[in-house]
Amino acid sequence: MSAASQDVATRNGIFARAAIYAVLILFAVYYLLPLYVMLVNSLKPLDEIRHGNMLALPHEWTIAPWLSAWSTAQIGVSPTGLKPYFLNSVMMVVPAVAISTILGALNGYVLTKWRFRGDTVVFGMMLLACFIPFQIVLIPSARILGLLHLAGTVPGLVLIHAIYGLGFTTLFFRNYYEAFPTELVRAAQIDGASFFQIFRRILLPSSAPIIVVTVIWQFTNIWNDFLFGSSFSSVDSIPLTVALNNLVNSSTGVKEYNVHFAGAILAALPTLIVYIVSGRYFVRGLMAGAVKG
Amino acid sequence: MPFLEIDNLEKSYGSAKILKGVTLDIEEGGFLVLVGPSGCGKSTLLNTIAGLEPITGGEIRINGQRVNDLHPSKRDIAMVFQSYALYPNMTVAQNIGFGMEIRGVPKPERDKAIAEVSQLLQIDHLLDRKPSQLSGGQRQRVAMGRALVRKPQVFLFDEPLSNLDAKLRIDMRTEIKRLHQRMGTTIVYVTHDQIEAMTLASKIAVLKDGILQQFGTPSEIYNNPSNMFVADFMGSPAMNLIPATVAMNGKGLEVVMEREAREPIKLPLASAPAGLGAFQGKKVMFGVRPEALTDPGGADRDAKAVATADCHIEVVEPAGSDTFAVTNLGGKPVVARLRADAHIQPGSNAPLAFNLSKAVFFDPATEQRIV
């Protein structure tokens, strides 16, 4: 009797599992479909797209749209492809991520290990920065960039992104360091280590998970940003997202969908790579500090 | 001349006063134990000596030098933390050598000092490991090694044994005592464990609510507690504090303890403290330690004043080396410590010998000792 009931249980288990997988696969297909369409169509000549089925595989495989998107497509007034703008984005993202991460780590260190009168108020105000919509700060930012003579430059964009990200990076590091044992800092103080020595020798070596989280978060946000990029850039500081928009909009008669698809994938590639390479650290880092011990 | 002096020390956080005028000192090579229940301010006191927390008032002097405003690293102290506080990213050797590295001691000298200390503590085979690869006892040793290698004027220990299991704790306690005898460096040691305090200290300071209750040698604290808190806190099982009255019989004073459904016990006091005369006819707290309340055969033969009384035994707890018997006097359970082979039955009556030369009296109103 028990064997029979076990059989039923196993069969029920298999059905449940099959149902779960079916639903999961359905959703995976649903989410991957746009990527599939982009990828397939970026590898077709334009004629095939106009006459054929969007979902069909290419009859004639070609990487010409990719080459065009990268180096020859018309963007705005010049036929440069996305290449220079890709470089602009890199020049903007790397320093902005580095600066906001380092400052966020220092803020978290001070707010948890060198507490001062009113530290919670300061932290509360920095937290508020996470909730301010981009649009609200546009005009004040434009004014300040103008005053600093940074309007329309890559350093200007770096400054805006670094400051805007500071609220988030501070929040990440503060919560992480909150769970970091204060006795270690005290031991280092007795050992004679200075403010920065403690930071560099004791805290930073234990911060890898939260650094990964912060870098991914900041990299994705800044790389994908369109609003600041379109508001505060000029001809030679346009980031990739804005250039992609210009590529799609500056068609000369015929819409080159295959080139547009290739350009969009190119623009999304760095964030995809960052996620694939360090995604598992991301989850691990978000969990760290949430559970003590 | 005292080596470490703490003079009228005060510490507040905002309006909350944590330490209310603590005055202490310890001679060079002494072992000062700060003991008290949680929240009594003992760890805060240690942190102020270390310089990890600023003080609100008073003065701290080490070897005659005022250190109030000196940075922790300039006070020539070393500290062992409750959680050991080993740097997780460094090896054992790097942990021990970190302070020297910061002070710019050249590498060969550093390595020599690390080797010496690690041999002394028998951790020389662990030098390349990370703290996460060590057991609790090994971490404890590394934490001590980090302190020892500084050769400081004063060692500070903040409940160093509280994270260890019972057996290891006793081993490490002996080890600390042995190290102290060998090095002869002054130690300040915080614990809430009164047995640790008794076994290690040359001087004990009992704290409660930021006020120093009593400061003295372990035997002074144990035998002559200055108030009911100290009497109750030190010793295990705790001292029996029995509500009683003082009366006059023909020859002298006697102490009278009420009992349930029986005539009160009256014990004549041959050598009562002078102050007790004023309490004639009044309530007092009669304090007697369990070992001063025993079976007549096991009573201290050298004691000057032993009085025997028949008591109703409610519970018997054999503990191997001793047998504890609980009776009821003055409405409170009273623990007597009998010889292990004392044959005694719960529910029966048995004579108990009160060693009155070890007895103490407290004023129930002020909780202070009557002397």
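## A hairpin in chain B

S9(B) and S10(B) pair in the antiparallel sense over five bridges. Two strands count as paired if DSSP finds at least two bridges between them. Helices (H or I, at least four residues) and strands (E, at least two) are DSSP runs, numbered from the N terminus. Opposite B:Phe215 in S10(B) stands B:Ala205. The hairpin of S9(B) and S10(B) has two residues between the strands, and B:Asp209 there takes a positive phi near 50°.

This is a predicted model, in which local features need pLDDT of at least 70 and side-chain atom pairs count only at pLDDT 80 or more, while totals for chains, interfaces and linings use all residues. Residues are numbered from 1 along each chain as its sequence is written, and chains are lettered from A and ligands numbered from 1 in the order in which they are written.

Axes here are lines fitted to C-alpha atoms, for helices over the stretch in contact, and angles run from 0 to 180 degrees between N-to-C directions.

S3 (residues 31-35) and S9 (residues 203-208) of chain B run parallel, joined by four bridges. B:Leu32 has B:Lys203 as its bridge partner in S9(B). B:Val33 has B:Ile204. S9(B) is mostly covered, with five of its six residues buried. Buried means that 20 or more other C-beta atoms lie within 10 Å of the residue's own; exposed means 12 or fewer, partly exposed in between, with C-beta atoms placed from the backbone.

## Nonpolar cores

A nonpolar core is a set of buried Ala, Val, Leu, Ile, Met, Phe, Trp, Tyr and Cys residues joined through C-beta atoms within 7 Å. The largest has 147 residues. Which of them touch the most other members? They are B:Leu32, B:Val33, B:Leu34, B:Leu156 and B:Val188. Helix H7 (residues 154-178) of chain A gives this core its largest share, 14 residues. Another core lies apart from it, with 15 residues, among them A:Ala73, A:Tyr85, A:Ile238 and A:Ala243.

Leaving aside residues up to four places away in sequence, B:Val33 touches B:Tyr189, B:Thr191, B:Ala197, B:Leu200, B:Ala201 and B:Ile204. Contact means C-beta atoms, placed from the backbone, within 7 Å. In soluble globular proteins, nonpolar side chains tend to be buried together.

## The four-stranded sheet

Chain B also has an open antiparallel sheet of four strands, in the order S2-S1-S4-S5. S2 (16-27) and S5 (65-66) of chain B stand at the edges with a single partner strand each, so one side of each is left without a neighbour in the sheet. S4 (residues 57-62) of chain B pairs with S5(B) over two bridges, in the antiparallel sense. Within that pair, B:Arg61 stands opposite B:Arg66. Helix H1 (residues 42-50) of chain B packs on the sheet, touching S1 (2-13), S2 and S4 of chain B, and its direction makes about 65° with that of S2(B).

## Where the chains meet

In the interface, 16 residues of chain B contact 14 residues of chain A. S6 and helix H2 (92-102) of chain B each supply at least two residues of the chain B side. H2(B) gives the largest share, three residues. By class, the chain B side has eleven nonpolar, four polar and one charged residues. Ala, Val, Leu, Ile, Met, Phe, Trp, Tyr, Cys and Pro count as nonpolar, Asp, Glu, Lys and Arg as charged, and the others, Gly among them, as polar.

## Backbone exceptions

Most residues other than glycine have a negative phi, and most peptide bonds are trans. The peptide bond from B:Ser236 to B:Pro237 is cis, with omega near -5°. B:Pro237 lies in the loop between helix H8 (228-233) and strand S11 (240-248) of chain B.

A:His149 has a positive phi, near 60°. A:His149 counts as exposed because it has 10 C-beta neighbours inside 10 Å. B:Asp76 also has a phi near 60°, and sits in the loop between S5 and S6 of chain B.

## Confidence in chain A

The mean pLDDT (the predictor's confidence in each residue, from 0 to 100) of chain A is 88, and 94% of its residues reach 70 or more. Over residues 289-293 of chain A the pLDDT is below 50. Where pLDDT is low, the predicted coordinates should not be read in detail.

Notes: Two residues are in contact if their C-beta atoms, placed from the backbone, lie within 7 Å.
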